[in-house]
Every structure is written in structure tokens, then in C-alpha cells.
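Subject: Handover of a structure for your review

Dear colleague,

Please find below the structure I am passing on to you. A written account of the findings follows it.

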Amino acid sequence: MLVEIRVPPLGESITEATVGNWLKQAGQAVGEGDVLIELETDKVMVEVPAPQSGVLTEASAKQGATVKVGQLLGKIDTEAKGAPAAVQAKPAAPPAQPAAAPRPAAQPAAAARTAAPQPAAPPPAAQPAAFARNEAVGPAVRRMAEEQNLDTSRIPGTGKRGQVTKEDAVNYVAQGSAPSGAAAPALPHPAAAAGRAAAPALPRALGEREERVKMSRLRQTIAARMLQAQSQAAMLTTFNEVDMGALMDLRGRTKEAYQKKYGIGLGFMSFFTKACVEGLKAYRGVNGEIQGDEIVYKNYYDIGVAVGT
């Protein structure tokens, strides 16, 4: 029997979504409850599970396509020959084991000896050692990893069994590098590494100095709301006090030598500019801009300063 997979209700006022990744491919056996496809709305990521066990015979919705609530995504054949017997045998296996277990209760020593040569410890021990975080992360983290080109195995996970959560990934990107400090140089995305690589050779091709990342529907909605708030809300400027003691001492020790070497005075604007560049390296999104449905991350830093002549 063919069972249709359709777009489920997506929430109040949401009528359409964008097709994300197909986690199962056509012709692949699936079990009831297995996540088949990810749908992305303006607010959340929605996982569509398999309604029944069988073989996924059709995956008609293409990745990146816009689908509406109730639209057909694919079909499952519950009676296909390719359906794995293990899926059907799993419910029957547990009842057989408990029934057989009470019978040899009178022979605990023999059972213990026969179990000893076949230790069950190695498989559980091997599972954590071979535990692949890339397969264990949720759809939101996988999508974020694809957009940001992140290696999820380098992100410290705080979830169950060390699983990487969306908050872990967001914090990792916000920091610009792994908390340990050693993982950042291996990733191409942290602004510090990109900025240092771009600084020595400024006359590069534009493609090497900028990086375009297509925004998700959720991020497009956030961008639109932020722009709307900027045009409708009152803008605010804040002032924060900073301890300049260390900077004053540094300038006092070096300003005379700087004056003799370069013939100009060492002002504070040089230090402020340097601080701005380091801040943009640490928070690369501040140095980016939105063009259409893409975010352009820039690996160079143009600082404009108003001066009096």
C-alpha cells in the first residue's frame, strides 16, 4: 500500500515552507517515525517523520523548493520487497527474550560462565568511541553547519551524550573560534584567520575577499524585521566608560621614539582603529552586509575616520 507524505501543519499564520535536506533517499527502507525530510519556515525547522514503515519510493519535493501545507512530498510503499525484515522483527524480538530469560534462572553459574567469553562490554565501549557527532546533531545544527561551513566535531557539545545543540553552534560562531582556541585555525570561517590571511595580500580577487552565504528563510525574516524596526523605532546611542590606563602608559613610553622615527605624533586614533579591526575580526557579522537573500562576509576592513585639516 502506498502511503503519501504531505506537508504537515506548520503553525499559526504559516502556510508554506522551504524544502531542506532529504535524510532518506528514494529506494531506501525507512521505519515508522524515522525523520525523512526537513522543512524550513520563517520561524522554525520542521522534521517530517515517516507515518509507516516501508520503502521510500518517491521523493518528489526538490531541495530548495517552496511547498504549501498539505502538498505532496513523497510516498512510502509499506508492502515493498525491499522493506527490511529487521524493522518488522524488532517488535517480535523483545517478547521472546523475556520469555526465555526466566527459564534458566536455576542455572546462574552456567549462564554466567557462558556469558563471560562473549562480553557485552566491547560493543557499548565501541559506540561512544565511534560516536559520530555529525550524525547525532539535530537538523538545525546540520543546516547551520552547512551554511557556516562548520565542523561539528570541533564544537564542544553540552547536550545528552555530548551532542552538539543549536545553542552550542550559535555560541561557537559568536565567539569566532572554538573555546579551546586550537580548533579555530583549522576552520576557514573565523574572522581572525580570514582577516590575517587577507591582510598581507590586499590586491586579491573579489571572490577571495568576500564570502556569500545564502540566508535561510528564518534569517531573511529576522533581517526584514530588523530593518523594519530601524525605520520605525527611535535610534539610540550609548556611551560606555573604558579604562585607558594601559593605553596611556603605552603611548607615554613610545610617543617620543615614534615622533623621531616617523616625524608625526602618536595619537589615540591609531589605537582606536586597531581595536575596531580586532572587533570586526572577532564578530564577522558586524562587517557583513545583506544583498538580496545572501549575506556577504568581508575578509577586509575599511575604516573611515573624519579628520580636520
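Predicted model: local features only at pLDDT ≥ 70, side-chain atom pairs only at ≥ 80, totals over all residues.

Asp 168 belongs to helix H7. Once its neighbours within four places in sequence are set aside, its contacts are Ile 155, Pro 156, Gly 157, Thr 158, Gly 159 and Gln 163.

Overall composition

The protein has 309 residues, and 27% of them count as buried. Its secondary structure consists of 12 helices and 11 strands. Among contacts with a separation of 6 or more, 60% are between residues 24 or more positions apart.

Nonpolar cores

The largest nonpolar core has 19 residues, and Trp 22, Leu 39 and Leu 73 are the ones that touch the most other members. At least two residues of this core come from each of strand S2 (16-22), strand S4 (35-40), strand S5 (45-49) and strand S8 (72-77). Apart from this core lies another, of 8 residues, which includes Ile 155, Val 164, Ala 169 and Tyr 172.

Beyond its neighbours within four places in sequence, Leu 73 is in contact with Ile 5, Arg 6, Val 7, Trp 22, Ile 37, Leu 39, Val 48, Glu 58, Ala 59, Ser 60, Ala 61 and Val 67.

Strand pairing around S2

In strand S2, 6 of the 7 residues are buried, so S2 is largely enclosed by the rest of the structure. S2 pairs with strand S7 (residues 66-68) in the antiparallel sense, over 3 bridges, and Ala 17 stands opposite Val 67 of S7. S2 also pairs with S4, again antiparallel and over 3 bridges. In that pairing, Val 19 has Leu 39 as its bridge partner in S4.

The open sheet

Four strands form an open sheet in the order S1-S8-S6-S3, with antiparallel pairing. Strand S1 (2-6) and strand S3 (29-30) are at the edges; each has a single partner strand, so one side of each lacks a neighbour in the sheet. S1 and S8 are joined by 5 bridges in the antiparallel sense, with Leu 2 opposite Asp 77 of S8.

Val 55 is found in strand S6 (residues 54-59). With a relative accessibility of 8%, Val 55 counts as buried. Val 55 and Gln 25 are separated by 30 residues in sequence, and their C-alpha atoms are 9.5 Å apart.

Of the 5 residues of S11, 4 are buried, so S11 is largely enclosed by the rest of the structure. Strand S9 (residues 210-214) and S11 form an antiparallel pair over 5 bridges, in which Lys 214 stands opposite Glu 294. S10 and S11 also run antiparallel, joined by 3 bridges, and Glu 289 has Val 296 as its bridge partner in S11. The hairpin of S10 and S11 has 2 residues between the strands, and Gly 292 there takes a positive phi near 70°.

The volume of the largest pocket is about 900 Å³. Its lining has 30 residues, and those nearest its centre are Met 144, Gln 148, Arg 219, Ile 295 and Tyr 297. Two or more lining residues come from each of helix H6 (139-148), helix H7 (166-175), helix H10 (217-232), strand S10 (289-291) and strand S11 (294-298). By class, the lining of the largest pocket has 16 nonpolar, 6 polar and 8 charged residues.

The second largest pocket holds about 210 Å³ of space. Its lining consists of Thr 18, Glu 40, Gly 64, Arg 143, Glu 146, Glu 147, Lys 214, Met 215, Ser 216, Arg 217 and Gln 220. H6 and H10 are the elements that give two or more residues to this lining, and H6 supplies the largest share, with 3 residues. By class, the lining of the second largest pocket has 1 nonpolar, 4 polar and 6 charged residues.

With kind regards

Methods: Residues numbered from 1 in each chain as written. Heavy atoms only, no water. Core = buried A, V, L, I, M, F, W, Y, C linked by side-chain atoms within 4.5 Å. Buried < 20%, exposed > 50% of the residue type's maximum accessible area, 1.4 Å probe, protein only. Contact = heavy atoms within 4.5 Å. 1 Å grid on protein atoms, 1.4 Å probe; cavity = no way out; pocket = protein on both sides within 12 Å on 5 of 7 lines; lining within 4 Å. Points joined across faces, edges and corners; volume = space filled by probe spheres on them. Nonpolar A, V, L, I, M, F, W, Y, C, P; charged D, E, K, R; others polar. Pairing = 2+ DSSP bridges.
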